[in-house]
Each structure stands twice: as C-alpha cells, then as structure tokens.
Amino acid sequence: MTAAFHRATPPEHPKCVRILIVGGGYVGLYTALRLQRKLKAELHRGEAEIVVVSPDPYMTYQPFLPEAAAGAISPRHVVVPLRRVLADCHVLIGEATAIDHAKRIATISTLSSEETGQTEQIAYDELVLAPGSVSRTLPIPGLADHGIGFKTVEEAIGLRNHVIEQMDIASSTRDPAIRDAALTFVFVGGGFAGVEALGELEDMARYAARYYHNVKPEDMRWILVEASDRILPEVGEEMGRYTVTELRRRNIDVRLETRLESCADRVAVLSDGSRFPTRTVVWTAGVKPHPILAATDLPLNERGRLKCTPQLTVDGVTHAWSAGDAAAVPDVTAEEPGKETAPNAQHALRQARVLGDNIVHALRDEPLETYAHKYVGSVASLGLHKGVAHVYGRKLKGWPAWFMHRTYHLSRVPTFNRKARVLAEWTLAGLFKREIVSLGSLEHPRAEFELAAGGKHSSDPKGSN
C-alpha cells in the first residue's frame, strides 16, 4: 500500500518544477547546493522545489574516515548535516526503492514505512539519480558473520573501538591463542580505503600500546591482502611500490596476488595457504552500483551503472541526470575512445557543479555544458606524517605527501564551519596526546539498563567481532 506525496504547487504557480535528488552523498549534496544557489529566486517565489532523499540526515566526507577511525578527527566533524546546509530544500530521510521515470514517480521507503507498512510516492519533473555505491562482497565463508566494512562513519568508529577492545582482550588473558587472535588484524583490499584505514589504525594502535604493560607493537600482526599485483594503482606504479616498502618497513605483512578464501570460525584462510586466527577482518575490496539502479526503467551499462552523456544526462532519456559512482560518464579528455571517468570523489565534486548548472540551463532553455576534467592525480595518507602522492606528474612521499593530503581534503570538505572545526582538531592534536579510549558500549547503549531491569545481558555488549 502506498501513500501519495502530492505535488506541493501553489495555485498561483501552476508550473512549479520539482527536482528530485536521490542520494545525499557528494553528488547529491553539491548538486543541491548548486541548485539552491542558482535557483534562489525561483525557490522563494514557489516556481521551483528541490527534494533530497537520503538514507542519512548527513553527508559523509569519506576521505576523513581513516582519520576519524584513528581519533584525529571527531566523528561529528566528518559529516555535514543536510538540513543545515540545504535550508531551501526539502530533505526526506528514506531510500528510493523503485523509480518509474516514464511516469516521473519515485517510490520512497521512509523511517515510518516499517511501522505503517506504507511507502511514499513522489512525483517529479527532473530526476537526479546519485545514490552512490555499496560495498562489493563475495560469497566467502564467514565474511557476512565476521567481516567489518569501512564506508560509513559508524563503521569507522566501530572499527576504532573494536581495535582498542582487542588490545584490552589481549592484555587481560593468559591464553596465547586468544591473545594471538585478538592482536591479528586482516585488511582485505589494497585501494585507498584499505591502505589508509590500515595505515591510520596501525599508527594509532602502536601509539596506544605504550599504555599497556603487556602489549607491545611487535606483538600485533597487521596483514594487508590484495588480489592484484599492486596497491594504490591511482598513485602510479612507482608510488605503489614505495607504499608496499613503507608498510613492510612498519612490519605490516603485505600479500599481493592473494585472496581471502574464508574467515569462518574466526580463522582467515588465504589463497596462498596461510591461516591466521583473527577476530578482525576488514573488508574494503571494492564497491558496486547501488541496488536502486536496477529498480528503474533507465538504461544501464554492463557493470550496472547508468549510461550517461558528457552533459551528465541519462543517455536517451529526457529529464534524468546522474553523476558520481552511479554514472558511467564518458571521459572526453581521454586519448582512447570509450573511456569513462573514474568513480571517485575528485570527479564527483566537479560533476555535481556541472550537473547543477545544466539543470538550470535546461529549465531556462539554454545550451548544456560538457563535463571535461583531466584527472590530476591522487594523494593517500599512510598514518601520521606519512603519505604518498602523485599529482600533476609530481611524486611525493613521506611528510610532504601527508601534508598535501590534509591540505587538499581540508579545501574540499563542505562548509566553512567544517573546515574550521577540522583544522582546530588537527591543531589541538598536534599539541596534546592522542585519545585512545574505546567507547564500544555506544553501539549497545541499552545493554546495562536491560541487565539492571532483569533482562539478559547482551552476549556481545560492546559489539566485538
């Protein structure tokens, strides 16, 4: 059963245009910001309406997740509240479950849908489909039960709590098997997410070990598993090799051309025959298009992404737009034909500006702009004061690359408020010691009350895996 979300068009403006943006990530937020500014007069006159549908009331700036996991940035400063920055938009917390573009209707499951059994149907004039991506998992035994992702701020903070908790377990047991499993950390995936998360958390755990009388940095085993023959391909082959050397110098076990075959019964089994009892398996081995794309009548390519034009319209369809991870956008700057822009934040931020401008152009019957941006390179953090970069053909490593990483992402995080808060935290972190406390009980806040009220205490009150 569905409940209609009727078009809120004032009588004096029968031609009010509703722009529906599905997704509150990079593309969704920046497109809404662009439209909010470009259509300010129309919005105030009631001639246009922007509806943003997002499963979370905030946008997560994902490049800061590793530093949030390491405690260098507060979790609340990694996210941007949508309602605050999109004051002229209608923000609806929910997820699109189906889109019938032929009828210009989107079906939305909201927070109340589970209780009422009803979904919302939103009619629209222009559609921006930017739901992003989801983790790409494989049918590996034990992965669904014991794996930990690293795409959300909740996962980043949960992983931080988990790592410190494993150190607490190792410190409090005399059983060598339990201790070894607690101090073995396996990361699967050698892209940005895996390498940066591993680098920051290993750095944090090594620092935290000084406060444990019976846990030393050399007691911990950190393992990076990558199926291909290189890591961080975005920074180039030379910087990728340097990263492997740097990680191994820190006693991190980097295994290339190796796959995780099982993590059942808390034992990580690798394709090279190695077996590691472990309580921590972090899965960062790629992403796939959001499932909502398959629940539309819009054209998809062989990888499940929306076929788009260089003007960021959905190919062969009117009044539909896309960019970012969900879109297969032709790279007009590439030398070889048929190449698409990479699904990363660098392109997503720039595409959102062009997308917003083109929607305004379309509404005003003006020519559309073509998205053209030559990839300038990448930067990656490997922990405090350590990093690699390959930007505009220049290769940097160590402290200069780390500093460039921080400077670049500080300039890109949305709103001056967030920039100031992140900069203040970095400044304070340079003056004072790290915070290494685990707040795993935040994940189960009612556990103690349930026990006090006579209920059964959770078998895993702090979310340990």
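**Reading a pocket, a residue and a strand**

In this predicted model, the second largest pocket holds about 790 Å³ of space. Gly 71, Ala 72, Ala 429, Arg 434 and Glu 435 are the closest to its centre among the 30 residues that line it.

Trainee: Which elements give two or more residues to the lining of this second largest pocket?

Mentor: They are helix 3 (65–70), helix 7, helix 9 (192–208), helix 12 (399–412) and helix 13 (416–431). Helix 13 provides the largest share, five residues.

Trainee: What makes up the lining of the second largest pocket by class?

Mentor: There are 16 nonpolar, five polar and nine charged residues in that lining.

Trainee: Let's turn to helix 7. Why is Arg 160 called buried?

Mentor: Good one! Arg 160, found in helix 7 (residues 153–172), has a relative accessible area of 8%. Buried means under 20%, so with 8% Arg 160 is buried.

Trainee: Which residues is Arg 160 in contact with, leaving aside neighbours within four places in sequence?

Mentor: Among them are Ala 68, Gly 71, Leu 201, Met 204 and Glu 435.

Trainee: How do you know that strand 3 is covered on both faces?

Mentor: Ala 48, Ile 50, Val 52 and Ser 54 lie on one side, Glu 49, Val 51 and Val 53 on the other, and all are buried.

Trainee: And what makes strand 2 and strand 3 a pair?

Mentor: Pairing needs at least two bridges, and strand 2 (residues 17–22) and strand 3 have six, in the parallel sense; therefore they count as paired. Val 22 stands opposite Val 53 there. Strand 3 also pairs with strand 6 (residues 90–100) in the parallel sense, over four bridges, with Val 52 opposite Val 91.

Notes. Residues are numbered from 1 along each chain as its sequence is written. This is a predicted model: local features need pLDDT of at least 70, side-chain atom pairs count only at pLDDT 80 or more; totals for chains, interfaces and linings use all residues. Side-chain values use heavy atoms; hydrogens and water are left out. Buried means under 20% relative accessible area, exposed over 50%, partly exposed in between (1.4 Å probe, protein chains only). Contact means heavy atoms within 4.5 Å. On a 1 Å grid over the protein atoms alone, a cavity is a set of points where a 1.4 Å probe fits but cannot get out, and a pocket is an open set with protein on both sides within 12 Å along at least five of seven lines; lining residues have an atom within 4 Å of a point. Grid points are joined across faces, edges and corners, and a volume is the space filled by probe spheres set on the points. Ala, Val, Leu, Ile, Met, Phe, Trp, Tyr, Cys and Pro count as nonpolar, Asp, Glu, Lys and Arg as charged, and the others, Gly among them, as polar.
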